[in-house]
Amino acid sequence: MDKVTNETVLRHGFDHGTDPALLADIAGEWDHLREESRTFSSDAYPWTNWYVTRFDDVFEVFRDTETFSSRQTNYNVTDTHRWIPAQVDPPEHTAYRTALNPMFAPGALALMEPKVRAVCVDLIEGFVADGACDMVTQFAQRFPTSIFLQMMGLPLEDTDTFLDWAHQMMHTPGADAEAVETRKNGARTIYRYMRQMIVERRANPGDDVVSNLLGVQIGDHEITDEELLEISMLMYVAGMDTVAGMLTYVIAHLARHPEQREYLRADPARVPVAVEEFLRYYSIASPARLVRDDMEYAGCPMKQGDRVILATWPANRDPRQFADADTFVIDREGNRHCAFGIGIHRCIGSHLARLEIRVAIEEWLRLIPEFRVPDGAVITQHVGGAAGLDTLPLVWG
Ligand code: HEM
């Protein structure tokens with residue numbers, strides 16, 4: 001570690017996707033990194049990564065679209081692509097959000113709740129009689145994937161295929177050539193599948209995200225197949241892995257806190273407030289930005305082309321922002337976390353994510369009121385752009 005200025009240090013080779021200390025203890029290590037220096041940089045990739053970890057800094061970078069662009073390439077997953085709207089800057093960004101917002105508004109999602117609940121119940125009923133499950137592969141990954149497939153009008157039988165591709169593209173960390181190629185391969189396969197799906201929707205529209213966008217005006221033109229492709233890809237990337245990761249932490253937490261299970265079961269109206277605390281306490285997302293021009297920010301001599309990683313996990317546990325920041329307060333009031341980002345790119349799927357997490361908690365606690373992690377279970381996690389547990393064995397009955 002080298003000191004760069006009073007506010008920032010250089011951590012040689014640090015990669016938040018592979019760092020052993022983060023993998024071993026994500027909460028403790030992010031706390032440590034946040035308190036050790038205001039920001040830090042790393043030379044693990046061909047470009048410099050700057051890490052912002054304190055709430056005020058993360059808040060400011062999220063909002064400052066003039067200085068920080070969203071147009072970056074996601075660790076070589078998609079060099080030639082740009083995911084819409086996540087990797088589009090203003091003013092173009094507005095037209096895409098205007099087209100997409102109605103589909104993800106609370107009113108539209110309220111209509112989806114019965115379907116979401118039915119998928120959730122169906123999955124849990126599939127293993128409840130076994131008295132045990134691996135919560136990650138049998139539930140956390142399948143639930144949001146099934147909802148995504150339904151929203152896109154795709155067959156549920158494709159769930160396993162989608163999960164395999166997602167694994168290749170999103171859970172192969174590292175900057176080495178082999179890891180980069182595996183990620184790109186996964187992305188190429190998904191793009192091929194999505195391209196075919198768009199051809200089919202044009203020929204035979206239904207009630208799904210792509211069909212609803214056909215004919216929509218984006219600025220001066222009608223939405224193109226390329227734009228539909230980048231939107232579909234982003235829905236896949238942003239909607240599945242994130243909710244899956246969140247659910248692993250949520251259910252693991254409840255497995256270890258019987259008194260909190262009881263508190264929520266006694267009055268399910270308490271669940272929405274608890275969901276906000278889960279989102280704050282287990283903030284899985286670390287989006288990135290591209291530095292537009294050389295400048296200095298928070299003591300960092302940033303150069304054009306550098307990346308900035310906005311680590312929401314440590315930001316949402318910043319004691320400068322939250323009282324008892326490292327304590328899970330199930331009825332926390334005024335919980336203004338940044339788990340869904342801030343500003344124009346704020347998560348379009350936040351209402352859907354909240355719905356899925358709430359329904360998962362309600363139905364899990366109803367169908368499996370008592371459950372625990374078996375003694376001696378080894379639980380590992382992945383970190384990086386979207387964190388989550390790799391396995392979560394549970395037993396009950
Ligand atoms: C717990 C689950 C989720 C978390 C923690 C999460 C987190 C985030 C964050 C932090 C951002 C801001 C990214 C940035 O500023 O660069 C974002 C954007 C986005 N999210 Fe989510 N997300 C979740 C679920 C979902 C779901 C279910 C969808 C489904 C459609 C979704 C779709 C999107 C899209 C399309 C964007 C880009 C919005 C834009 O650029 O205007 N997310 N999400």
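This report covers strand pairing, aromatic pairs and charges over rings in a predicted model.

Local features need pLDDT of at least 70 and side-chain atom pairs count only at pLDDT 80 or more, while totals for chains, interfaces and linings use all residues. Residues are numbered from 1 along each chain as its sequence is written, and side-chain values use heavy atoms, with hydrogens and water left out.

**Strands around S2**

Helices (H or I, at least four residues) and strands (E, at least two) are DSSP runs, numbered from the N terminus. Two strands pair if DSSP finds at least two bridges between them. Strand S2 spans residues 8–11. S2 pairs with strand S1 (residues 2–3) in the antiparallel sense, over 2 bridges. A hairpin of 4 residues joins S1 to S2. Lys 3 has Val 9 of S2 as its bridge partner.

S2 also runs parallel to strand S3 (residues 39–42), and 4 bridges join them. Here Thr 8 stands opposite Thr 39 of S3.

Are the faces of S2 covered or open? Both are covered. Thr 8 and Leu 10 are buried on one side, Val 9 and Arg 11 on the other. Buried means under 20% relative accessible area; exposed means over 50%, and partly exposed lies in between (1.4 Å probe, protein chains only).

**Aromatic pairs**

The structure holds 27 aromatic pairs. Rings of Phe, Tyr and Trp (its six-membered ring) pair if their centres lie within 6.5 Å; planes under 30 degrees apart count as stacked, over 60 as edge-to-face and the rest as tilted. Two edge-to-face pairs are tabulated here.

| Pair | Centre to centre | Angle between planes |
|---|---|---|
| Phe 14 and Phe 40 | 5.1 Å | 90 degrees |
| Phe 68 and Tyr 297 | 5.7 Å | 85 degrees |

Phe 14 sits in the loop between S2 and helix H1 (20–24), and Phe 40 in strand S3, 26 residues apart. Phe 14 and Phe 40 are both buried.

Phe 68 lies in strand S5 (residues 68–69) and Tyr 297 in strand S10 (residues 295–297), so their pair ties together parts 229 residues apart in sequence. Phe 68 and Tyr 297 are buried too.

Ring pairs also link Phe 127, Phe 139, Phe 143, Trp 364, Phe 371 and Trp 396 into a cluster.

**Charges over rings**

A charge sits over a ring if NZ of Lys or CZ of Arg is within 6 Å of the ring centre and within 35 degrees of the ring normal. Arg 307 lies over the face of Trp 47, 3.8 Å from the ring centre. Arg 317 lies over the face of Tyr 281, at 3.7 Å from the ring centre.
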